[in-house]
Amino acid sequence: MANIVLSISTNIQKEVMAYYGPHFIERKAPGVIFAAKLPDTAITMYKSGKLMFQGGGAEREAARWGTIEKAATPPSSIGAKGDVLPNNFATMSVLGSDETGTGDYFGPITVAAVYVPTSKIELINELGVKDSKMLTDDYMRKIAPDLRAACVHSVLVLRNEKYNNLQAKGYSQGKMKAMMHNKALQNTLSKMAPEKPEFILIDQFAERGVYYNYLKSERELVQENVYFSTKAEQLHVAVATASILARAAFLKEMDRLSDIAGLTLMKGASNKVDVQAARIWRNQGEEFLRSITKWHFANTDKARKMK
Ligand code: MN
């Protein structure tokens, strides 16, 4: 949700109260001296001189009263590490990317890049996007089609056979991820053209220098206006949406693999995964198991001993 805070003088405070008077609502929160509610914006005025706008119309309403000062969710407040983002980043037009599947023995790595312009932030929130870590797999599967229809995006799936080939050639998982993010961002940028995002935000899995070092032999690099931050899904809905689309693609591929394996494959890389892998090894053989797993994981050796 868009969230904007202005600092205003006592004179402006009076004007604000007069202006929103018809929409006044009672709010007995500490320090609140006035509150109002428009159909798309909540307005809260504090004794301190802060004036807060929340909701889809926040930008429009805040612009009546002053220069936008700061976002209500600075990265530091959620413990995110990475670049310092511009003020009001959450309300900007951002292309975000995220990946999933990296810690799962069975199934692919998937990466999604999604463009959410300012004008679509409210819609995306209404479609049910929140921090994907609070969302269940079933919920994400359910909202993903609407999100795909609403946003310019690119989703890439690195299936196990390709993953294992790259791994055998010496590619680290970090390098594979960096190549996938770079490609998904490129794809989305070309679909969007000539429109450009104000910023790109990558959910950080490697520091900027390490990320671009992974990409040193790539011909085309996405580098302009790129920020990196951990917990980026909490800093812009574009990354939260990317996280959901990546997850939905991972689940879809897991369904396909479960079908051909004849059982519901487990996520993660726990001891239970070893047991399941040993069973598949016994019944369907090594080559089949290899074709549905990240073969270099320690689970392979454990399953080998159990089979
Ligand atoms: Mn991530």
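Buried means under 20% relative accessible area, exposed means over 50%, and partly exposed lies in between (1.4 Å probe, protein chains only). All views show a predicted model, in which local features need pLDDT of at least 70 and side-chain atom pairs count only at pLDDT 80 or more, while totals for chains, interfaces and linings use all residues. Residues are numbered from 1 along each chain as its sequence is written, and side-chain values use heavy atoms, with hydrogens and water left out.

**View A. K231 in the loop between β10 and α8 (237-261).** Helices (H or I, at least four residues) and strands (E, at least two) are DSSP runs, numbered from the N terminus. K231 counts as partly exposed, at 35% relative accessibility. Its phi is positive, about 50°, although K231 is not a glycine. Most residues other than glycine have a negative phi, and most peptide bonds are trans.

**View B. The manganese ion and its two aspartates, D98 and D203.** D98 (OD) and D203 (OD) coordinate the ion at 2.0 to 2.1 Å. D98 lies in strand β6 (residues 94-100) and D203 in strand β9 (residues 199-203), so the pair ties together parts that are 105 residues apart in sequence. Both D98 and D203 are buried. Donors are N, O and S atoms within 2.8 Å of the metal (3.2 Å for Na, K and Ca); water is not among the atoms, so sites may look incomplete.

**View C. The open sheet of five strands.** The order is β8-β7-β6-β9-β10, with mixed pairing. Two strands pair if DSSP finds at least two bridges between them. β8 (152-158) and β10 (226-229) are the edge strands, and each pairs on one side only. From one strand to the next, the twist averages 15°. Axes are lines fitted to C-alpha atoms, for helices over the stretch in contact, and angles run from 0 to 180 degrees between N-to-C directions.

**View D. Strand β6 and its partners β7 and β9.** Seven bridges join β6 to β7 (residues 109-116), and these two run antiparallel. T100 has T110 as its bridge partner in β7, and G96 has V114. Helix α6 packs on the sheet, touching β6, β7, β8 and β9; its direction makes about 150° with that of β8. Contact means heavy atoms within 4.5 Å. Four bridges join β6 to β9, which run parallel. Here S97 is partnered by I202 of β9. Seven of the seven residues of β6 are buried. V94, G96, D98 and T100 point one way from the strand, and L95, S97 and E99 the other way.

**View E. K177 in helix α6 (residues 173-192).** K177 is buried yet has no salt bridge. A salt bridge is a side-chain nitrogen of Lys or Arg within 4 Å of a carboxyl oxygen of Asp or Glu. Lys and Arg count as positive and Asp and Glu as negative; His and the chain ends are not counted. The nearest side chain of opposite charge is E99, 4.4 Å away. Not counting residues up to four places away in sequence, K177 touches E99, T102, I109 and F205.

**View F. N88 in the loop between β5 (70-71) and β6.** N88 is buried, with a relative accessible area of 5%. Its phi is positive, near 60°, in a residue other than glycine.

**View G. The cis peptide bond between A193 and P194.** Omega is about 5°. P194 sits in the loop between α6 and β9.
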